[in-house]
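Have the structure open and follow along.

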Amino acid sequence: MMHEALPTFIAEAGELLEQMEAGLLHIEQDGADADAVNALFRAVHTLKGSAGLFGLQHIVACSHVAESVLDQVRAGRLAITPALATLLLSVSDYLTALVALAATGKEPDAACAAAGGALGAELQSYLGVDALPAGAVDEAAMPGTTPASASSGHWHLSLRFNADVLRYGMDPLSFLHYLRTLGQIVHCAAVTGALPPLPALDPECSYFGYEIGFLSSAGHAAIDGAFEFVREDSSICLLPPGSSGADFRRLIELRAAQEHSCIDQLLVLCGSLTPAALEAAMAPDAEDADGAHTAHIANHAGEAAKPAVSSAAGEQAAASPARAARGPEANLIRVDAAKLDQLIDLVGELIIASASAGLAAQQAAAPALLESATKVTRLVEQVRDSALTLRMVPVGATFNRFQRVVRDVSAELGKDIRLAISGADTELDKTVVEKIADPLTHLVRNAMDHGIEPAAARRAAGKPDHGTVRLNAYHDAGTIVIEVADDGGGLNQQRILAKAAERGLIEPGAQLAERDIYNLIFEPGFSTADTVSNLSGRGVGMDVVKRNIAALRGSVELTSSEGRGTTVSIRLPLTLAIIDGFLIGVGQATYVVPLALVVECIELSAEQAAEANDNHYINLRGEVLPFVRLRQLFGAAPAPLRRENVVVIRYGGRRVGLVVDHLLGEFQTVIKPLGKVFSQLRGIGGFTILGNGAVALILNVPELVGQLIRQQTTEAA
């Protein structure tokens, strides 16, 4: 059961470590306010507790020391200096590596363990004392045992887990394993009174309770936190060292009322009570005799010494109302990404089947059948939109990861660089977000290395000492635009031309448009860096960025102003799965254009056609509209037509025309990737299946627009 819950832990651990990293970066930039420190502590504490449930001792050990340091910060005895923040970020990286190993079922090797030991030693230096062994007892931190104290010097834990705890993915034994990281289990006695006869036993139910004698220097909050995930559905009673006889008496009475059994002898067996102390605790006047001592313990030890038995009963009774009063987060569930992808695939097949049924209804010319097919199509559209919404995630989570990149790279370069984020709420398909992370990383690092000048150069140019890298995202005409901008020195066009001529990319002295000059940067092996560093200068990366973005049916464009900065704009489709398309026909072939990019459709008159044959553009209401004939582009056999149509599309702020034979209307398009044999086919981004079973090719609009712009530039030259 715990093995099945491990993927959930891995996902949650990743989120907690992201919170830890984001919290540290926030504290480093804006200062350590109480809320930020508490959030940081909770993230590490929760990670430690969750890892303990799965027996991941390496994660528990590392996070325990980090938690101790953060506890000192919370108490105001330690400040988060830049050195400590750097150390804690290294701890975050190390924990991330351990979580990755846990996901693959591997144990840390010797080098990894040595790195963890070094980090632990550095953290320990901030505590000022050597770490106590897990089972050690700090007598000063525990209430002293007096003659009126009934118990021994250890804790007594009385645990009754909910019968369905296994179904929730929690193994009761994992809690016992975790307790060993906080101290020593002196004795553990199983309570089997709830065990049914063998024929009635359900292997997915938990029937055992536990009475435990526990020796630990940990506080009440730490021990109680071990049961954070099951507290609402279980009865957890904690009696601290030095608890009175009245406390044990109330525990015995509670268990007797719940289980119709007596646990008095188990308390003796666990070493929590001596026989004489048990007899005294159960005496009729025991509660009055111990009342004064109970009050003394409560005043002396604070929260840790409160009578936990009575509060446990209240928690058990209030469990159901508490669950009913949970906030909106109770409505959130985790879904395996593979299952979500499978759902999208099934929705795609449903769309194809719906189109086929609609076509059959049209051919049958049956009004009732046509009406039913129309309703089904409308419902399928709603299902499609809902399913695609499930895969849409804010791009801000990806943007926030670059806080750490900017921090580390700026330190390596010796520059003061800050990251500004806008448009973080813009949503994008999960698949696109995952694949855009690497290109963005390269662009951000490139902006910091090549774009932002050293502080002295910035001062000489009248700029502030610190440079700024901006990440921005917004929607535009059915696409998403992601901008990576810097306020650095910009690009020197003459230097780019000189480097390109040196490498044989252009003829010496060639005159190019500004757009074409900047596009040279995306050529393989191109670099203007004078020296090779760990970050750049080898001419590897920008060509890969362009290729990866093109693989997502996107485009990349660079603009720059010398002395003021550079902006790289990436334009991507919102989803790679299902789109609203517009069907067009050329000869016997059918093509699809994303409907969101279509501006209008017009008829190409005979006069315009005659003029267009020479110029490859038409006059559209006083504006020049470049166009391409798909019949010529794809080599279709010429055929006499009474008329041609122009589909005007807009992409990246530019309008171009596609001359086609037929306009076939809107169509829900399920995007299917081309095979490897056709991966180099230019102008085509995939295919879809029509209702009649025929195949329609999906046009790669960014590539077509780029081709038209290049053609227009060449003709102008």
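A residue counts as buried under 20% relative accessible area, as exposed over 50%, and as partly exposed in between. R459, with a relative accessible area of 48%, is therefore partly exposed. Keep in mind that you're looking at a predicted model.

**Salt bridges**

R459 has a charged partner: D465 forms a salt bridge with R459, with the closest N and O atoms 3.1 Å apart. D465 has 35% relative accessibility, so D465 is partly exposed too.

How many salt bridges does the count come to? It comes to 29 salt bridges. Three of these pairs are set out here:

| Salt bridge | N to O distance |
|---|---|
| R407 and E28 | 2.5 Å |
| D465 and R459 | 3.1 Å |
| R391 and D429 | 3.2 Å |

Take the R407 and E28 pair, whose side chains meet at 2.5 Å, N to O. This pair ties together distant parts of the chain: R407 sits in helix α17 (residues 402–413) and E28 in helix α1 (residues 2–30), 379 residues apart. R407 has 17% relative accessibility, so R407 counts as buried. E28 comes out at 31%, so E28 counts as partly exposed.

Now for R391 and D429, which form a salt bridge with their closest N and O atoms 3.2 Å apart. Here too, distant parts of the chain are linked: R391 is in the loop between α15 (367–390) and β5 (392–394), while D429 is in strand β7 (residues 427–429), 38 residues apart. Are these two buried or exposed? Both R391 and D429 are buried.

Back to D465 and R459 for a moment: they form a salt bridge of their own. Elsewhere, salt bridges with shared partners join E21, E28, D93, R404, R407 and D408 into one network.

**The sheet and its helices**

Next up is an open sheet of four strands, in the order β2-β3-β1-β4 and with antiparallel pairing. Which strands are at the edges? They're β2 (183–191) and β4 (235–239), each pairing on one side only. On average, neighbouring strands of this sheet are turned by 15 degrees against each other, direction ignored.

Zooming in on one pairing, β2 and strand β3 (residues 209–216) run antiparallel and are joined by eight bridges. A190 stands opposite Y210 in β3.

Two helices lie across these strands. Helix α6 (residues 172–179) lies across β1 (155–160), β2 and β3, and runs at about 10 degrees to β3. Helix α8 (residues 245–259) lies across β1, β2, β3 and β4, running at about 165 degrees to β4.

Note on methods: Residues numbered from 1 in each chain as written. Predicted model: local features only at pLDDT ≥ 70, side-chain atom pairs only at ≥ 80, totals over all residues. Heavy atoms only, no water. Salt bridge = Lys/Arg side-chain N within 4 Å of Asp/Glu carboxyl O. Buried < 20%, exposed > 50% of the residue type's maximum accessible area, 1.4 Å probe, protein only. Pairing = 2+ DSSP bridges. Axes fitted to C-alpha atoms, helices over the stretch in contact; angles between N-to-C directions. Contact = heavy atoms within 4.5 Å.
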